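The sequence and structure come first.

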Amino acid sequence: MASIDLHPTELAYAFAYSKTEEVIGWGREPFLPTGRDTASGAAWYAEGEERLRAAERLLGNPDTGLRFSDAMTAAILALANPGVVLLAQRKAGEGVKTLTIHAAGDTLVGLTRRSDGIFELSRYTDLTAAAGAGAGFVGATIAPLDREARVEANHQVLSKLRQLAKLGQTEKVLAAIAQLGASDTDAKSAILALTRPSVAGVLSVLYCASNRVEDAETFSVATNAHEHSWIVFPPADLAGPMVLERSSVAALAARVAVGVAARLGVSA
């Protein structure tokens, strides 16, 4: 994976050049100046052009014509018109950190923003590597699974169990999860992850066309203090069963990559 730093003005210029209205997972606001009047807007885009040319991401000159480098062109096209977007979001203090990975053909590029406002643009070699980055970003453990654990319920049941756990009614929750088929050890691990996670996030697989989301699959991820990760997801739709499953970076990445590859008919 190779990464480069991009100032918001560089992305603003690139999206204006490509006539991209908004970027899935980001919109347009993060790339635009605050208090946008005509003067500040013009200066913002001018700064973006200057930065892009200095980094040789924008080639040529205004008199004879400007063009983006091949690498920058591929990245812009993926960001502007992806077939699939992996949207990873995790809690960070009072806010939320975001990583988007945009796939267009063989190009997979990730975009995240640091606390200093600079964006990091990353390239991934394949879908599995991209899914692994998303799974790691939302806090799935890197430790390999020592055993498999999986139960099924519906959304209403899982919501009720979470509420009971938050109220401190642990015995009722453990008994209910045991009835669903989990061992006592796994039930305690799952409840700890769901009610008092050390890190938690959501990884969504967005299927897109014409830069619009047409369908989505969502995996909620919670990792407890013992570095056991649990995911919650609907195998079909929210009206059907929900799965509560032990997971890890490798396991979640494989599930996502295989699902996307099967749906799109491509290699993971």
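In this predicted model, helix 5 meets helix 6 through Leu161, Leu164 and Ala165 on the helix 5 side and Val173, Ala176 and Ile177 on the helix 6 side. By class, the residues of this contact are 6 nonpolar, with no polar and no charged ones.

**Helix 5 and helix 6**

- Helix 5 spans residues 155-166, and helix 6 spans residues 170-179.
- The axes of the two helices come within 8 Å of each other and cross at roughly 150°.
- Angles over 145 degrees count as roughly antiparallel, and helix 5 and helix 6 are therefore roughly antiparallel to each other.

**The cavity**

- The structure contains 1 cavity of 30 Å³ or more.
- The space in the largest cavity comes to about 50 Å³.
- Its lining is made up of Leu158, Leu161, Arg162, Ile177, Leu194, Val232 and Leu244.
- Sorted by class, these lining residues are 6 nonpolar, no polar and 1 charged.
- Arg counts as charged, and Arg162 is one of the lining residues.
- Helix 5 gives the most to the lining, with 3 residues.
- Leu161 of helix 5 and Ile177 of helix 6 take part in the contact between these helices, and both Leu161 and Ile177 also line the largest cavity.

**Helix 1**

- Helix 1 covers residues 8-17, and 8 of its 10 residues are buried, so this helix is largely enclosed by the rest of the structure.
- Buried here means under 20% relative accessible area.
- The buried residues of helix 1 are Pro8, Thr9, Glu10, Leu11, Ala12, Tyr13, Ala14 and Phe15.
- Glu counts as charged, and Glu10 is among the buried residues of helix 1.

**The protein as a whole**

- The protein has 8 helices and 12 strands.
- Of its 268 residues, 46% count as buried.
- Taken along the principal axes, the C-alpha atoms fill a box of roughly 75 × 40 × 30 Å.
- Among contacts between residues at least 6 apart in sequence, 58% join residues at least 24 apart.

Key
Residues are numbered from 1 along each chain as its sequence is written. This is a predicted model: local features need pLDDT of at least 70, side-chain atom pairs count only at pLDDT 80 or more; totals for chains, interfaces and linings use all residues. Side-chain values use heavy atoms; hydrogens and water are left out. On a 1 Å grid over the protein atoms alone, a cavity is a set of points where a 1.4 Å probe fits but cannot get out, and a pocket is an open set with protein on both sides within 12 Å along at least five of seven lines; lining residues have an atom within 4 Å of a point. Grid points are joined across faces, edges and corners, and a volume is the space filled by probe spheres set on the points. Helices (H or I, at least four residues) and strands (E, at least two) are DSSP runs, numbered from the N terminus. Buried means under 20% relative accessible area, exposed over 50%, partly exposed in between (1.4 Å probe, protein chains only). Axes are lines fitted to C-alpha atoms, for helices over the stretch in contact, and angles run from 0 to 180 degrees between N-to-C directions. Angles under 35 degrees count as roughly parallel, over 145 as roughly antiparallel, 65 to 115 as roughly perpendicular and the rest as oblique. Contact means heavy atoms within 4.5 Å.
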